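Please keep the sequence and the 3D view at hand while reading.

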Amino acid sequence: MILLILILIALLCVYLHISLSWHSIDVISLEAEEFIREKLDPAFDTERFRSYIDKLLQRIDFLDENKVIFFTPFYDRKKSQSSLNAHTGLPGQKVIIFTPGWAARLYRESFAGKSDGAITDLFAFVLGHEMTHKEQRRFIFLFGRKRVCAGWLREISSDFGGIRKSGLSAGRVRFCLEKEILEREGRRQRRYGSKTVLRPHPTWEYRMKCWESGRMTRELVDKICRDCGITDRRFCDRMKRIYAEKPAGSMRRAG
Ligand SMILES: [Zn+2]
């Protein structure tokens, strides 16, 4: 019992430590700056980056009280920090974390005289996707295929959330994704999440195929359940109640 209490206290300390360190960072962490200068862009100028990001965030009007932070550690370190990846942080936290790769790419955009805006549109979509995650329920007591299935549903419904919040069309997001991630980073990202079903993320190709439905329909939820090998009807019906959206309405908020 005492051991359990000590473990809980330790976990709380870790959580608070991470929370406080994240909230004390102003947009970009020192570690991210160093990573960018060393690996991506020796001339990276933090002040210029800050003012560019400030202007960009003012344009993205759906950003509520969430503070955006570019941050290296505490994100899957096996993943390349130069890639474009984002993370919603721990439950209850108002941060959204982007890899230094994102900062470097947006920084380069700040010098572009002429631009098709693909990288900033993609940024708006990803931000909307991560913000939608924050509105969603997290399932704790699900295991195996059901856990995977709920994960896929979360991802795809957050994609619809990202598309809606950013005000872009699915076709435009697809174009930006192809151009800025899939063509540059190749097969690894294209198959990100891998073919095997027991992974928390579906592949980008699978996700883009799902976007063709236009929204999270009951049929789409059914299909995702089937693709994850779910045979339990009651579970699938429950997922429909949580994730399926009505034709014109906004996404049903769960939790
Ligand atoms: Zn996601």
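Cys225 lies in helix H10, where helices (H or I, at least four residues) and strands (E, at least two) are DSSP runs, numbered from the N terminus. This is a predicted model, in which local features need pLDDT of at least 70 and side-chain atom pairs count only at pLDDT 80 or more, while totals for chains, interfaces and linings use all residues. Residues are numbered from 1 along each chain as its sequence is written.

With 24 C-beta neighbours inside 10 Å, Cys225 counts as buried; a residue is buried if 20 or more other C-beta atoms lie within 10 Å of its own, exposed if 12 or fewer, and partly exposed in between, with C-beta atoms placed from the backbone. Leaving aside residues up to four places away in sequence, Cys225 touches Cys149, Ile230, Cys236 and Met239, a contact being two residues whose C-beta atoms, placed from the backbone, lie within 7 Å. Cys225 and Met239 are 14 residues apart along the chain, and their C-alpha atoms are separated by 8.7 Å.

**The chain as a whole**

The protein chain contains 11 helices and 3 strands, which follow one another along the sequence in the pattern α-α-α-β-β-β-α-α-α-α-α-α-α-α. Of its 255 residues, 30% are buried. Among the contacts in the protein chain with a separation of 6 or more, 69% join residues 24 or more positions apart.

The largest nonpolar core has 44 residues, and those with the most contacts inside it are Ala103, Cys149, Leu153, Val221 and Ile224; such a core is a set of buried Ala, Val, Leu, Ile, Met, Phe, Trp, Tyr and Cys residues joined through C-beta atoms within 7 Å. At least two residues of this core are supplied by each of helix H2 (30-40), strand E3 (95-98), helix H4 (100-109), helix H5 (118-135), H6, helix H7 (170-185), helix H10 (218-227) and H11. The largest share of this core, 8 residues, comes from H6.

**How the helices pack**

Axes are lines fitted to C-alpha atoms, for helices over the stretch in contact, and angles run from 0 to 180 degrees between N-to-C directions.

| Helix pair | Angle | Distance between axes |
|---|---|---|
| H6 (residues 144-166) and H11 (residues 233-243) | about 20° | 11 Å |
| H3 (residues 46-59) and H4 | about 85° | 10 Å |
| H6 and H9 (residues 204-211) | about 55° | 10 Å |

Angles under 35 degrees count as roughly parallel, over 145 as roughly antiparallel, 65 to 115 as roughly perpendicular and the rest as oblique. H6 is therefore roughly parallel to H11, and their crossing is right-handed; a crossing is left-handed if the near helix is turned anticlockwise from the far one by less than a right angle, and right-handed if clockwise. Lys146, Ala150, Leu153 and Ser157 of H6 make this contact with Phe235, Met239 and Tyr243 of H11. The residues of the contact of H6 with H11 comprise 5 nonpolar, 1 polar and 1 charged, where Ala, Val, Leu, Ile, Met, Phe, Trp, Tyr, Cys and Pro count as nonpolar, Asp, Glu, Lys and Arg as charged, and the others, Gly among them, as polar.

H6 and H9 are oblique to each other, and H6 passes H9 in a right-handed crossing. Here Glu155, Ile156 and Asp159 in H6 meet Arg207, Cys210 and Trp211 in H9, giving the contact of H6 with H9 a makeup of 3 nonpolar, no polar and 3 charged residues.

H3 and H4, by their angle, are roughly perpendicular to each other. Phe49, Tyr52 and Ile53 in H3 meet Ala103, Leu106 and Tyr107 in H4, and the residues of the contact of H3 with H4 divide into 6 nonpolar, no polar and no charged. Because 7 of the 10 residues of H4 are buried, H4 is largely enclosed by the rest of the structure; the buried residues in H4 are Pro100, Gly101, Trp102, Ala103, Ala104, Arg105 and Tyr107.

**A loop residue**

Val27 has its place in the loop between helix H1 (2-23) and H2, and with 17 C-beta neighbours inside 10 Å it counts as partly exposed. The C-alpha atoms of Val27 and Phe49, 22 residues apart along the chain, are separated by 9.6 Å.
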